[in-house]
Amino acid sequence: MNGASWNDRTDRRARVRGCLLGGAIGDALGNPVEFLSLAGIRRAHGEHGVQGLLPDEEGVVGRVTDDTQMTLFTAEGLIRAHSRAKSKGVGGAETALVRNAYLRWLDTQNHPAPPAAGGDNVIRTGWLRQQPWLYARRAPGNACLTGLATGHVPEPVDRLGTPGPVNTGSKGCGTVMRSAPFGLTGQDAPVGFRLAHWCAQITHGHPTGAYAAGALAAIVAHLLEGDSMPGAVLRAMDLLGRHPGHEETTAALRAAVDLAAQGAPTAEKVETLGAGWVAEEALAIAVYCALVLPGADQVAQALLLSVNHSGDSDSTGAICGNLLGARHGDVCLPASWLVATEGRAVITEVADDLCVEFEHAVDWPAGRYPVC
């Protein structure tokens, strides 16, 4: 982004904000109905299903889940890794520092409030982990919890597609729902793809989980460059197809692309792509909804389509929101949903910090993004 015009920088910031805020909105829309079938959603909310933000089981509207929580810590890990590379003149620590960020997220699941830093807790410092609203369990994925407990840090390798050593059979959507920030750094799509792939294996070992994460990062990277939604998806599929073992993820994305060409969207069509509990299905549902309702004036419709199905509605909503926000920017997000979404001020600040870190040489205030 060096030498970019004011308009270029403003557009990029709007897309980065849109991606993270859109993901949070989709997450909050799907949260109250995550474990309901389509029939159950319609029984509870009418024949059209969810039509806006709903109260959760505690009666609170707009609450996000682990999807948004982990996405924020992904962004924080990338900021710290880039800051470290600048200060030390050595890169390549992204996987380790993103894992450290996920350990800070793990603290939010295991403690009622920020634990004390220092001593053995040295990596558990910084501004984000001090936000009290993040200290809440919102049905975190088991593979994310157990994967972080192993202490294993995957080694970055050039050859992608081999199983990871942690939770070797798991391809849950916990890989893809947290991976949009890998496409928001302004680096090219292959870089985002590789980083997302490597970092997916921190918690999930199945190659498809890592490939779905990489594909989302690549789509987001292309959208950040100003590509159309169909163009971004097809370019990401081309990149995906260059790697061994891509077939399962590619087939899911191809099904989404083909389905989007088959006329008006329906919840029943969404259901043919799966339930979204596994990574490639969650990505396919989100991509279908973003493709079939691509307009800036269709964002609300697309988000509602992405959560009205049987399965992991918060994750499919979050991923769809990431895509729509990266395509259209934050200005096109439904304003009434945005203002009611939990943590929007912090989410916006993280988005802006991500932009600033990757646009400029920044010396962060002490304690905000320490290099660890």
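Student: Which residue follows α5, and what is its phi?

Tutor: This is a predicted model, and in it helix α5 covers residues 142-149. The residue that follows α5 has a positive phi, near 80°, and is Gly 151.

Student: Against which helices do the buried residues of α5 pack?

Tutor: The buried residues of α5 are Ala 143, Cys 144, Leu 145, Gly 147 and Leu 148. The helices that these buried residues pack against are α3 (66-88) and α4 (94-110).

Student: How many disulfides does a search of the whole structure find?

Tutor: A disulfide requires two cysteine sulfur atoms within 2.5 Å. The sulfur of Cys 289, a buried residue at 0% relative accessibility, lies 5.1 Å from its closest cysteine sulfur, in Cys 320, which is too far for a bond. For Cys 332, which is partly exposed with a relative accessible area of 25%, the closest cysteine sulfur is also in Cys 320, at 14 Å, again too far for a bond. Over the whole structure, the number of disulfides found is 0.

Student: What is the handedness of the crossing of α7 and α13?

Tutor: Helix α7 (residues 207-224) and helix α13 (residues 313-328) pack with their axes 8 Å apart and at an angle of about 20°, which means that α7 is roughly parallel to α13. Leu 216, Ile 219, Val 220 and Leu 223 of α7 meet Ile 319, Leu 323, Ala 326 and Arg 327 of α13, a contact with 7 nonpolar, no polar and 1 charged residues. The crossing of α7 and α13 is right-handed.

Terms used
Residues numbered from 1 in each chain as written. Predicted model: local features only at pLDDT ≥ 70, side-chain atom pairs only at ≥ 80, totals over all residues. Heavy atoms only, no water. Buried < 20%, exposed > 50% of the residue type's maximum accessible area, 1.4 Å probe, protein only. Helix = DSSP H or I, 4+ residues; strand = E, 2+ residues; numbered from the N terminus. Contact = heavy atoms within 4.5 Å. Axes fitted to C-alpha atoms, helices over the stretch in contact; angles between N-to-C directions. Parallel < 35°, antiparallel > 145°, perpendicular 65-115°, else oblique. Left-handed = near helix turned anticlockwise from the far one by under 90°. Nonpolar A, V, L, I, M, F, W, Y, C, P; charged D, E, K, R; others polar.
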